[in-house]
Amino acid sequence: MRVLFTCGATDGHFLPLVPLARAFRDRGDVVAVATAAAYAPRIEAAGLSPLAAGIDQNELAERYAPYVAELRTMPIPDRRAYAYAHRFALLDSPARLDELHAVATSWQPDVLIHESAELAAPAVAASLGLASVNHSFGRAVPVAIVKGAAPVAAEMWERLKLAPEPYAGMFRGSYIDISPPSLNSDRPPAETAVLRLRAAEGMVSTEQPKRPLVYVTLGTMVRGAEGIAVFRMVLSALADVNADVLVTTGSQNDPAELSPLPENARVERYVPQAEVLPGCSVVVTHGGSGSMLGALAHGLPMLVVPRMADQFGNADAAADAGAARVLMPDQLTEAAIREAVVALLEDPGYRQRARSVAEEIAAMPSAADTAETIAASLH
């Protein structure tokens with residue numbers, strides 16, 4: 001069988017697809033991933049084959065920049081719908097459409113699997129008579145937000161001389177949910193077949209490390225002066241806390257800008273989560289889906305400091321599950337950060353509730369099981 005994955009050219013949208021892509025590969029299927037050519041090294045590093053389709057994140061950021069000023073004037077609850085419709089339905093997906101159609105035409109997949117912000121794929125699949133599968137990258141994009149973006153995405157269907165389908169075709173096939181039940185993810189339309197998948201693997205430690213480790217990550221999208229200011233605030237807030245602190249800045253930021261460091265701190269551009277989380281005590285995160293699910297899969301409590309998009313909803317969900325404290329942008333001070341991290345280190349209730357979510361994640365079907373289910377549905 002030939003399985004084509006497609007996604008935006010960023011870790012937050014690609015990495016959740018990797019377990020399923022590898023599961024198909026390990027079955028003996030032919031697997032490829034279509035996204036911006038500049039992102040190919042990340043795909044190859046994951047052991048998968050890239051195909052070029054779409055624009056990279058630098059070009060997308062340039063095109064999206066005129067909309068950012070308006071976005072920041074909006075109430076936080078309104079921002080995600082605006083960002084989804086403009087960043088993904090108006091800019092990123094249409095820029096991928098023609099190349100993705102050409103790639104799929106020549107490569108001839110049996111199924112097209114796309115992440116939940118890749119709105120070009122359903123139109124391409126419909127045009128070529130292919131099955132398509134919507135693979136979540138965390139908690140579900142609310143159906144109302146998808147429906148609101150559909151009129152914007154309709155232009156892609158019209159370019160392919162198709163009548164637009166409901167919800168921009170995002171639920172024309174099955175939906176893969178990688179969010180555990182406790183995080184209260186939105187539900188797709190009632191007629192949609194839902195497959196669960198354990199995308200985050202974890203090892204829950206039965207003992208606290210002798211010296212606690214606080215891991216600080218703001219993902220790959222926070223950059224420049226704004227990101228550096230947050231990192232500095234966190235480092236200063238935790239300088240006298242009885243814990244070691246590891247900060248990963250992302251490749252887009254320069255660790256040297258955080259010098260001099262407190263004695264208890266270490267800064268790196270990137271360290272694989274799988275190497276950090278097993279020995280960690282608390283995670284300070286922006287609330288990106290990958291960071292959140294990775295921490296929870298290891299049963300780790302979090303301080304969530306959301307900055308954009310789905311991060312606000314993720315923060316609320318983790319807090320509602322009792323596994324996190326949240327500081328909104330206007331609440332972010334050194335004193336508030338220190339108080340929250342100390343509470344997460346000292347109150348065992350946060351860790352206990354995070355471990356409960358870890359148990360839910362561990363009980364979800366494996367990627368291998370989900371790959372078999374999808375393959376069986378195609379025959």
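Proline 329 is partly exposed, with a relative accessible area of 37%; buried means under 20% relative accessible area, exposed over 50%, and partly exposed in between, using a 1.4 Å probe and protein chains only. The model is predicted, so local features need pLDDT of at least 70 and side-chain atom pairs count only at pLDDT 80 or more, while totals for chains, interfaces and linings use all residues. Residues are numbered from 1 along each chain as its sequence is written, and side-chain values use heavy atoms, with hydrogens and water left out.

**Around proline 329**

- You will find proline 329 in the loop between β13 and α12 (334-346); helices (H or I, at least four residues) and strands (E, at least two) are DSSP runs, numbered from the N terminus.
- Not counting residues up to four places away in sequence, proline 329 touches Pro306, Arg307 and Phe312, where contact means heavy atoms within 4.5 Å.
- Proline 306 lies 23 residues from proline 329 along the chain, and their C-alpha atoms are separated by 7.0 Å.

**The six-stranded sheet**

- Six strands form an open sheet with parallel pairing, in the order β10-β9-β8-β11-β12-β13; two strands pair if DSSP finds at least two bridges between them.
- The edges are β10 (265-268) and β13 (324-326), each with a single partner strand, so one side of each has no neighbour in the sheet.
- From one strand to the next, the twist averages 15 degrees; axes are lines fitted to C-alpha atoms, for helices over the stretch in contact, and angles run from 0 to 180 degrees between N-to-C directions.
- Within this sheet, β8 (residues 213-217) and β11 (residues 282-285) run parallel and are joined by four bridges, with threonine 217 opposite threonine 285.

**Helices on that sheet**

- Helix α10 (residues 289-297) lies across β8, β11 and β12 (302-304), and runs at about 165 degrees to β12.
- Helix α11 (residues 311-320) also packs on the sheet, where it touches β12 and β13 and makes about 135 degrees with the direction of β13.

**Strand β2 and its partners**

- Strand β2 (residues 30-35) has five of its six residues buried, so it is largely enclosed by the rest of the structure.
- Five bridges pair β2 with β1 (residues 2-6) in the parallel sense, and arginine 2 stands opposite valine 30.
- Strand β3 (residues 50-52) runs parallel to β2 and is joined to it by three bridges, with threonine 35 opposite alanine 52.
- Between β2 and β3 the chain passes through helix α3 (residues 40-45) in a right-handed β-α-β crossover: with the strands pointing away from the viewer, the path from the first strand over the helix to the second runs clockwise.
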